[in-house]
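Let's take a walk through this structure together. Have the sequence and the 3D view open, and look up each residue as we get to it.

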Amino acid sequence: MSARVAVIIPCYNDGPLLREAVESIVENEPIEIVVVDDHSTDPETLRVLDELRTEGIEVLRHERNSGSAAARGTALAASAAPFVFPLDADDLAMPGALAAMADRLEEEPRLAVCFGDYAEFGDSSIVRAVPDGLDPFRIAYTNEYPVSAMFRRTVLDEIGGWNGNGYSGTGYEDWNLWMTIAERADCCVHLGHGRLTYRRRLHGERKLARGKRRHPTLYRELARTHPRLFAELASHRRESGMSTMRKRLYPIVYGRRRRFAVEGRVKSLLDRLGIWTLRR
């Protein structure tokens, strides 16, 4: 039986967390797994990578560190399954979720992507509810869509996958991808309210936090890269299912303004109080 799903995992000095990520992939069907070692130097990580090779997992190695977008591109080119699920090496898949998302994409050929809610764990814990559909107005100001979702391979091939456009290593490569999908008006579907598709580990400073220190510059580049999305904001605003209050506040709260370190602490407080963050 051929695998329907390819799980592609970029790895850079992730050590035992990579082992946990691979072992979290539990499905009642074959899953194609491709790990790309983005030129790790940590001895423990190299040991885990060698073990995975011995166990039959496909492990590829970059001759220089190139960033997660390039690593995903290498894994995408090396895999063959019709549906693709990116999983960071420090995150965990939810058992059974891959098959459920693949079922939805098989049932509806018009769909480009299937995603679900996800849980954050580690330094703090919360379940993140993802919007029901891909909202171009929302995505133009902030990315509330998951890093790990099920993509139809043909769509990724058409748009060049995680080509980065210069965002690789900043955490903005996923936002760039979602903007591209929104700009194309591809159809996306939520797996179902409360259906978790993966667990996102919070530990120390992830690359997205580093990218936010360059946010105004990166955001200007996103706007330049996606002119149609930003040119049609007025119509996207009218069609958005967000509340009137959110439509008014998103350009103020998000957008191109500079990000400050204190915002992380404020956001955590608002999360605990159930304010602002989309939750179910």
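## Starting in a loop

Which loop does N13 lie in? N13 sits between β1 (5–11) and α1 (16–23). Helices (H or I, at least four residues) and strands (E, at least two) are DSSP runs, numbered from the N terminus. Before going on, note that this is a predicted model, where local features need pLDDT of at least 70 and side-chain atom pairs count only at pLDDT 80 or more, while totals for chains, interfaces and linings use all residues. Residues are numbered from 1 along each chain as its sequence is written, and side-chain values use heavy atoms, with hydrogens and water left out.

N13 has a relative accessible area of 28%, so it counts as partly exposed. On that scale, buried means under 20% relative accessible area, exposed means over 50%, and partly exposed is in between (1.4 Å probe, protein chains only). Not counting residues up to four places away in sequence, N13 touches S40, T41, D42 and T45; contact here means heavy atoms within 4.5 Å. A polar atom of the N13 side chain lies 2.9 Å from the backbone nitrogen of D42. L46 is 33 residues away from N13 in sequence, yet their C-alpha atoms are 8.0 Å apart in space.

Now step back to β1. Seven of its seven residues are buried, so β1 is largely enclosed by the rest of the structure. In a regular strand the side chains alternate between the two faces of the sheet. Here V5, V7, I9 and C11 point one way, while A6, I8 and P10 point the other way.

What does β1 pair with? One partner is strand β2 (residues 31–37), parallel to β1 over seven bridges, with V35 in β2 as the bridge partner of I9. Another is strand β4 (residues 83–86), which runs parallel to β1 and is joined to it by four bridges; there, F85 is the bridge partner of V7. Two strands pair if DSSP finds at least two bridges between them. Together β1, α1 and β2 make a right-handed β-α-β unit (with the strands pointing away from the viewer, the path from the first strand over the helix to the second runs clockwise).

## A second sheet to find

Look next for an open sheet of four strands, in the order β5-β11-β7-β8 and with mixed pairing. Its edge strands are β5 (92–93) and β8 (126–128), each pairing on one side only. Strand β7 (residues 117–122) pairs with β8 in the antiparallel sense over three bridges, and Y118 stands opposite R128 in β8.

## Core and rings

The largest nonpolar core has 76 residues, and I9, L18, V35 and W178 touch the most other members. Such a core is a set of buried Ala, Val, Leu, Ile, Met, Phe, Trp, Tyr and Cys residues joined through side-chain atoms within 4.5 Å. Leaving aside its neighbours within four places in sequence, W178 has contacts that include V113, L134, P146 and C188. W178 also belongs to an aromatic cluster with F115, Y145, F151 and W162.

How many aromatic pairs does the structure hold? There are eleven. Rings of Phe, Tyr and Trp (its six-membered ring) pair if their centres lie within 6.5 Å; planes under 30 degrees apart count as stacked, over 60 as edge-to-face and the rest as tilted. Y219 and F230 make an edge-to-face pair, 5.9 Å centre to centre with 85° between the planes. This pair links distant parts of the chain, with Y219 in helix α9 (residues 215–225) and F230 in helix α10 (residues 227–231), eleven residues apart. Both Y219 and F230 are buried. The rings of Y250 and Y254 have centres 4.9 Å apart and planes at 70°, so they are edge-to-face too.

## Two buried side chains

S148 is in the loop between α5 (136–139) and β9 (150–152). Is S148 buried or exposed? Its relative accessibility is 0%, so S148 counts as buried. A polar atom of the S148 side chain lies 2.6 Å from the backbone oxygen of P86.

T180 is in helix α7 (residues 173–184) and counts as buried at 18% relative accessibility. The T180 side chain reaches the backbone oxygen of N176 at 3.0 Å.

Terms used: A polar contact is a pair of N or O atoms within 3.5 Å; within protein, one must be able to donate a hydrogen and the other to accept it, and residues adjacent in sequence count only if both atoms are side-chain atoms.
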